[in-house]
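Please examine the structure below before reading on.

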Amino acid sequence: MKRIICFLFLFLLFSCNTTHYFVYSKNHTYGIDFSNGKWLVGEIEANPYAKDKLATLVLKDFSEYLGERVKYSLTEKSLLLPKQVPLNPSKSTILDLKKGASFDYYVNIKCKNAKNDLTGFEFPDHFYYKKQMSFAEVTLEVYDLNLGEIIYSQTSGGSIEDENSFTNKPTTTVIVGCYNKIINDIKKKSIKTMSK
């Protein structure tokens, strides 16, 4: 009987945390070939708490495929790169990144978040508005610095009802959830052979 009560309690507890996520495709959504080259993760644009947490996750996930071939721009002192790289950059902007860093690929991640304000978000039409909600959107793009091309681009959005959240940082929870949607998409579609 205790097991049933415990199960029902856990079920009710977790069903109250109403979080919604979705991924909407951009132009470059095929997989990534991780088998060669040096990779640089650019400075992640997010609120300070989410930024640190996301940087740890991104480096862990990309290291699974790249090992020591992936670096974070904030830990590389000799780079001559702009602090922020725009999304969907031109070919010349991507080739300029190559001049400032001796890397072959660049990972650009940007996060937007808000509470009860959908201005500037690309949520699909079926997405609805509720009181006391945190919204977030994460975009991850990968650039081939040798060819000056975007080779992957994906955006994920999500929301959480603040009053039902089990954390005091619901926005960070949504940002991490959005990132997880994108990394799962990458893991499904990509070439996973790791060269050392």
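The following paragraphs describe the overall fold and then the salt bridges.

The model is predicted. Its chain has four helices and six strands, arranged along the sequence in the pattern α-β-β-α-β-α-β-β-β-α. Of its 196 residues, 44% count as buried. Among contacts with a separation of 6 or more, 74% are between residues 24 or more positions apart. The chain exposes about 10,700 Å², and carbon and sulfur atoms supply 57% of this area.

Side chains of opposite charge can pair when their charged atoms come close. In this chain the count comes to nine salt bridges. The table lists some of them.

| Salt bridge | Distance, N to O |
|---|---|
| Lys60 and Glu64 | 3.6 Å |
| Lys98 and Asp104 | 3.5 Å |
| Glu137 and Lys112 | 3.3 Å |

Where do Glu137 and Lys112 lie? Glu137 belongs to strand S5 (residues 133-144) and Lys112 to strand S4 (residues 105-115), so their pairing ties together parts that are 25 residues apart in sequence. Glu137 counts as buried because its relative accessibility is 5%, under the 20% limit. Lys112, at 35% relative accessibility, counts as partly exposed.

Salt bridges with shared partners also join Lys60, Asp61, Glu64 and Lys187 into one network. Glu64 is partly exposed, with a relative accessible area of 42%.

In the pair of Lys98 and Asp104, Lys98 is partly exposed, with a relative accessible area of 27%.

Technical notes. Residues numbered from 1 in each chain as written. Predicted model: local features only at pLDDT ≥ 70, side-chain atom pairs only at ≥ 80, totals over all residues. Heavy atoms only, no water. Helix = DSSP H or I, 4+ residues; strand = E, 2+ residues; numbered from the N terminus. Buried < 20%, exposed > 50% of the residue type's maximum accessible area, 1.4 Å probe, protein only. Contact = heavy atoms within 4.5 Å. Areas by Shrake-Rupley, 256 points an atom, 1.4 Å probe, with all protein chains shown as cover. Salt bridge = Lys/Arg side-chain N within 4 Å of Asp/Glu carboxyl O.
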